[in-house]
Amino acid sequence: MIGRQLRDFAVVAVLALIIATAAFVAVRNNELAARQIALAERAAAALRDHAELPPTVNAVIVSAATPSPRHPFLRKRQVLVGDRWQPLQDKLLYDAAMRFDREGAVSELLGDASGRALVARCTVDTRPCPRIAVALTSPARPAPYPFLVIIGVLGLGTALAAAGALLGPVARRGGLFAGAGALAVPALLWHAPVAATVILLLGAGVALAQQAALTDRIAAAMIKSRVALSFLTPAATAMFVLVAAPFAIGILLGFHDHHHGTWTFVGLSNFSEILSGGGHSLDDPLNFWFILGVTVLWTVANIVLHVTIGVALALALSRKWLVGRGVFRMLLILPWAIPNYITALIWHGMFEGEYGAINSLLRLFGLSDVSWFSSWATAFSADVIANTWLGFPFMMVVALGALETISPSLYEAASVDGANAWQRFRHITLPHLRPALGPAVALGSIWTFNMFNIIYLVSRGKPGNATNILVTDAYRWAFERGERYGMAAAYATIIFLILLVWTVFGTRMVRREEA
Amino acid sequence: MSARRPHLATMIGAYAGIALLVAIVLYPVMLVCKKAFEPGRNFALSASPLPHSLTTAHFHELFTARGGHGELLFLRATLNSVLIAGATTVVGVVLSCTAAYALSQFRFPGRKLGLTAFLVVQMFPATMLLLPLYVILDKLALLNSVAGLVLVYSTTAIPFCVWTLKGYFDTLPRELAEAARMDGASPWLIFRRILLPLARPGIAITALFSFMTAWNEFIMASTFMTDESRYTLPVLIQQSVGQHTADYGLFAAGAVIASVPVMIAFYALQKYLVGGLTAGAVKG
């Protein structure tokens, strides 16, 4: 009894420790950032008011940038030492002043893990600022990991769980829960109520599972198939560390707002901003529903074209009288073999500009030029054309494979019975194509839904973001719109939910067709 | 399909349709090959797919271009790509072999869940994990490092390898493992001495595919590698036609060199790829 109790407690303890440690690291890093930034801000304010500077802060007044007399493209800044201006040498301070001119007030913890905070403020009210106060704190280390607290709490929890097990079955579950409670205490002390709640819920969950004898059954099953599980361990561990953990972190990030290196919890506001359209009207390219519409249209248009062209070519290539079938097949799958970022860049080059290859071709046929990336319809068509070029070979190959399984005698029998070409296609070819094309369409639609490279490299969202799809827009939130990581993470979560619904729905559809 | 000769009109129609599609497929490829050997930076000043004069200047420029630290950019990027794709392949195949064996040869509770998990992870876009991975690698100071990008690529390489290798283990005769088990061989011995040697062709194909995937990956590499000396080939090639300066001659030369080995591998292996992809989708 006590052995099994300790086993269950060990599971709770390991998970609780991971959660508590993550909470501790997050809390102490935030505290350090807040403390250091406040210190640097105090120093910047002291510079402005000519007050005494706090010690351990390197704070200076930096001038506006002036072109260098010898190389006008180089810009120089001065630093005020006493009451004299001297050339500024420190690159960190120079960059801070640069950023101030570009983005306004700067306050952040440097990303080099040194614990230094950097603040830039203007000391006067004129713009561009002639005297920028830049403050840089000295390095600081966050609080050390409290090993003693952890060991103490683990001991306490183990004792509680073991004592419960000795008293009887009801006390056993109570002991387990109390033990988990002991582990939640430090998280509470570190001002991480969410982590403490999660640990408590975990304890309650395992206690309930124990009541239903679930923990015993799982343990027995694991022992029974321990060989298979041990073979599975390397890949499963890697997947847990590389996929499950980042995935969970990604979902958590969606509930936060990111601004210059500091994260603040904002609850559901990212999601409500996205789903309400963020104050943009429905025909505005920044509105989520507009982008979703473009994405759906993009996916449907591509899949219809890929399947139609692919099946038509497969039907033609499957004719035995066609000379050179092998060569044609080889040539037609060429787009699939080329890396798709290269395909995208080629098509971008072909559509771009007055002298692009496509416009030259149009002129050759006596048509007038099209400025492909300046209107939505033409830019979207350019994307669809490029993606169809690279996407139809997959459908063609799948369809060819399915057509090969049809026995010629079926067609002969149908001809003898007087079936015309359409009836033969409708009643023989189509039913044979369906089981192969179903999964291919499911897979292809997910690929197309997520076809980042084509959108990002062919139309590049032009004109004015109107040809973005969901994945490219999520990317732009993170890396091209002032590091709005929280928004990007919320976007990714929404994309995930859409794909999840689509996959479940899609596989159901495929299964039903197979049945 | 029926072997008797059809109407002349059908034949002409089929040939014309196929010829048109072949022309559309070949045209962009020919334009790039033309550009790689034709002088000038602009992509196409005429619609003709044939060059008006020949030069190897673009290749010369590509191989001699130097970065900020005097390194040869193209060779450096090629080396980075080979290293990263190679390491990803090794990590993927080594970690997946045993898992694929377990999922193929054993029946245990949670097997179906595991298979679905490995499949679903492959279906969801890399861009889903891009942001959290970026934030984590930033914290760990692994941006701009080969190791960081290998970790990122492993998120897709491992599930891919598990599924393809599992498919290959499924095709091996079960009797061999049964007989060895009768003789008292341990599961590890059976795996190590019997199934792994038999699965060698499958492992080679899987390895080549994961190498190609990592070799062709663009967006993760361009996000995680911002230092010129850490660029992989796709990033370097994309940079040559970036926002500010577009040199399509350089791009075309790079594209030809980066694509040709992949295309050869693709043609050699394509029948395995199609089978593996659709089998995975059906079983999911």
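In which loop of chain A is His50(A) found? In this predicted model, His50(A) lies in the loop that runs between α1 and β1 of chain A, the strand β1 covering residues 57-63.

Ala23(A) counts as buried because 22 C-beta neighbours lie inside 10 Å, where 20 or more are required. When residues up to four places away in sequence are not counted, Ala23(A) touches Ala187(A), Trp190(A), Ala192(A) and Ala195(A). Leu148(A), by comparison, stands 125 residues from Ala23(A) along the chain, and the C-alpha atoms of these two residues are separated by 17 Å.

The largest nonpolar core has 162 residues, and Ala399(A), Ala474(A) and Ala488(A) are the members that touch the most others. With neighbours within four places in sequence left aside, Ala399(A) is in contact with Gly310(A), Val311(A), Ala314(A), Leu433(A) and Leu437(A). Another core, of 28 residues, lies apart from the largest one and includes Leu39(A), Ala43(A), Val79(A) and Leu118(A).

A further backbone feature of chain A is the cis peptide bond that joins Lys462(A) and Pro463(A), with omega about -10°. Pro463(A) belongs to the loop between α17 (452-459) and α18 (470-479) of chain A.

Turning to the contact between the chains, 80 residues of chain A and 75 residues of chain B take part. On the side of chain B that touches chain A, the helices that each supply at least two residues include α1 (8-37), α3 (73-105), α5 (126-139), α6 (146-171) and α12 (248-283) of chain B. The largest share of that side, 15 residues, comes from α12(B). By class, the side of chain B that touches chain A is made up of 56 nonpolar, 17 polar and two charged residues.

Chain B also has a residue with a positive phi, namely Asn144(B), where the angle is near 60° and the residue is one other than glycine. Asn144(B) is placed in the loop between α5 and α6 of chain B. Because 15 C-beta neighbours lie inside 10 Å, Asn144(B) counts as partly exposed.

Conventions: Residues numbered from 1 in each chain as written. Chains lettered and ligands numbered in written order. Predicted model: local features only at pLDDT ≥ 70, side-chain atom pairs only at ≥ 80, totals over all residues. Buried ≥ 20, exposed ≤ 12 C-beta atoms within 10 Å, placed from the backbone. Contact = placed C-beta atoms within 7 Å. Core = buried A, V, L, I, M, F, W, Y, C linked by C-beta atoms within 7 Å. Helix = DSSP H or I, 4+ residues; strand = E, 2+ residues; numbered from the N terminus. Nonpolar A, V, L, I, M, F, W, Y, C, P; charged D, E, K, R; others polar.
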